Amino acid sequence: MTEAGMQRTASRVFAALLASDDASMTSAELSERLSISPAAVSGAVRYLTQVSMVSRERDPGSRRDRYRLHNQIWYASLTQRDPVLTRWEQALREGVETLGRDTPAGARVAETVAFFEFLQKELLSLLDRWKEHRETLTPNPGNASRRPEDA
């Protein structure tokens, strides 16, 4: 995750949540498991929350926050990138007009726009195919460890 650009501590917190049986932990549990300070956990969780990978919830009858990975984390992360790609496309289109379509820079930016348009179209199709494929993996999406052939 760090090689892909995520902050180191956020990567560690994400990995700890991903590897936990119920995909959730308290700040104290994360701090203990990773041997990091509560402040480091807080900063990592703030980042993971901002990028919509983790949510904060309260245990019933407790004042402790529990951090939980979103269901279908990768699907949700990719679907939330759509507005970002749209904003990039818009800004890049303006760049093409500013630079001029007939200039080398304008042509390069126009190709970038075409790439993002293609990516968005293919991503939506890919995510639809994933939803169909996911249904074949588990009879109960909440039980990812159980495969159809185990039923």
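The model is a predicted one, in which local features need pLDDT of at least 70 and side-chain atom pairs count only at pLDDT 80 or more, whereas totals for chains, interfaces and linings use all residues. Residues are numbered from 1 along each chain as its sequence is written, and side-chain values use heavy atoms, with hydrogens and water left out.

Two packed helices are described by the angle between their axes and the distance between the axes. Here α1 and helix α3 (residues 38-50) pack at an angle of about 80°, with their axes 8 Å apart; the axes are lines fitted to C-alpha atoms, for helices over the stretch in contact, and angles run from 0 to 180 degrees between N-to-C directions. To see the contact (heavy atoms within 4.5 Å), show T9, A10, V13 and F14 of α1 together with A40, A44, V45, Y47 and L48 of α3. The helices (H or I, at least four residues) and the strands (E, at least two) are DSSP runs, numbered from the N terminus.

**Along the helix α1**

Next, select residues 8-19, the 12 residues of α1, which reach 16 Å from the first C-alpha to the last, close to the 16 Å expected at 1.5 Å a residue; the expected span is 1.5 Å times one less than the number of residues. Which residues of α1 are buried? They are A10, S11, V13, F14, A16 and L17, where buried means under 20% relative accessible area, exposed over 50% and partly exposed in between, with a 1.4 Å probe and protein chains only. Stop at S11, which counts as buried because its relative accessibility is 8%. Leaving aside neighbours within four places in sequence, S11 is in contact with M1, T2 and M6.

**The sheet**

Now select the strands, which form an open sheet of three in the order β1-β3-β2, with antiparallel pairing; two strands pair if DSSP finds at least two bridges between them. The edge strands are β1 (24-26) and β2 (54-58), each of which pairs on one side only. On average, neighbouring strands of this sheet are turned by 30° against each other, direction ignored. Helix α1 packs on the sheet, touching β1, β2 and β3, and the direction of α1 makes about 80° with that of β3. Strand β3 (residues 65-69) runs antiparallel to β1, and three bridges join the two; look there for S24, which stands opposite R68 in β3.

**Charged pairs**

How many salt bridges does the structure hold? There are seven, each being a side-chain nitrogen of Lys or Arg within 4 Å of a carboxyl oxygen of Asp or Glu. Select E57 and R68, whose closest N and O atoms are 2.9 Å apart in a salt bridge. E57 lies in strand β2 and R68 in strand β3, so this pair ties together parts that are 11 residues apart in sequence. Both are partly exposed, E57 with a relative accessible area of 28% and R68 with 25%.

Finish at R101 and E97, whose side chains meet in a salt bridge (3.1 Å, N to O), and where R101 is exposed and so is E97.
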